[in-house]
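Work through the exercises below with the sequence and the model at hand. Each task is followed by a solution in steps.

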Amino acid sequence: MTNEPRIPAPLSMTIVLLAGVAVAMWAAWLGWDQHYDVHPDGSTTGPYEAWQVMGLGLGLLVPVCWAAFRGHGMAAVLGTSGGLTLAAAYDWADDASGLFVIGVGMIMIGSAAATALAAVLTSTLHKAVAGADRLGH
C-alpha cells in the first residue's frame, strides 16, 4: 500500500457507475429468464429461480462494499438501488395488470435497505480496522 493520496471519485460519478453496474448485473442474472415454470399441480413459479436472485445480491455486494470502503456509502445506496429500480421497471413494464409498479417499489425499498445495511457495516468495519491499525494493534 502506498502513501500517495487518493483522489476520490466525485459522488455523482460513483452513483452513475454503480447504477450501471446494477443494471448490467440485473441483465446478466435476471434479464434473460422470462418464462414461468408450471408444476404438476397447476401452480406456477418464476420467472426467476432463487439462485439467480441470490447471485444478483451477492454479486452486487462487491461494488457496494467497494464504494462504502472508499467513503461513498450514500452513493452505493443511491446508485445500486436506483439501477435496480430502473432495471426492474424496464424489465416488468410489459405487465398488463399494472401490478409491476408494486414490485418495482418493493425492489426500490428493499435494495435501498439492503445496500444501506451493507454500506454501514462495511464503513463501520473499515473504521474499526483503521482505528486499530493507528493504535498499533
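**Exercise 1.** What percentage of the 137 residues of the protein chain count as buried?

Solution. The model is predicted: local features need pLDDT of at least 70, side-chain atom pairs count only at pLDDT 80 or more, and totals for chains, interfaces and linings use all residues. Residues are numbered from 1 along each chain as its sequence is written, and side-chain values use heavy atoms, with hydrogens and water left out. Buried means under 20% relative accessible area, exposed over 50%, and partly exposed in between (1.4 Å probe, protein chains only). By this rule, 28% of the 137 residues are buried.

**Exercise 2.** List the elements of the protein chain in order from the N terminus.

Solution. Helices (H or I, at least four residues) and strands (E, at least two) are DSSP runs, numbered from the N terminus. The protein chain has four helices and two strands. Their order is α-β-β-α-α-α.

**Exercise 3.** Describe how helix 2 packs on helix 3.

Solution. Two packed helices are described by the angle between their axes and the distance between the axes. Axes are lines fitted to C-alpha atoms, for helices over the stretch in contact, and angles run from 0 to 180 degrees between N-to-C directions. For helix 2 (residues 50-69) and helix 3 (residues 73-92), the axes come within 8 Å and cross at roughly 150°. Helix 2 is therefore roughly antiparallel to helix 3, a term for angles over 145 degrees.

Next, the residues. With contact taken as heavy atoms within 4.5 Å, L56, L60, V64, A67 and A68 of helix 2 meet G73, A76, T80 and L84 of helix 3. Seven residues of this contact are nonpolar, two are polar and none is charged. Here Ala, Val, Leu, Ile, Met, Phe, Trp, Tyr, Cys and Pro count as nonpolar, Asp, Glu, Lys and Arg as charged, and the others, Gly among them, as polar.

**Exercise 4.** How many aromatic pairs does the count come to, and which parts does the pair of W26 and Y48 tie together?

Solution. Rings of Phe, Tyr and Trp (its six-membered ring) pair if their centres lie within 6.5 Å; planes under 30 degrees apart count as stacked, over 60 as edge-to-face and the rest as tilted. The count comes to four aromatic pairs. The rings of W26 and Y48 have centres 6.2 Å apart and planes at 80°, so this pair is edge-to-face. W26 lies in helix 1 (residues 11-29) and Y48 in the loop between strand 2 (44-45) and helix 2, so the pair ties together parts 22 residues apart in sequence. Both W26 and Y48 are buried. W26, Y48 and W92 form one aromatic cluster.

Key
Angles under 35 degrees count as roughly parallel, over 145 as roughly antiparallel, 65 to 115 as roughly perpendicular and the rest as oblique.
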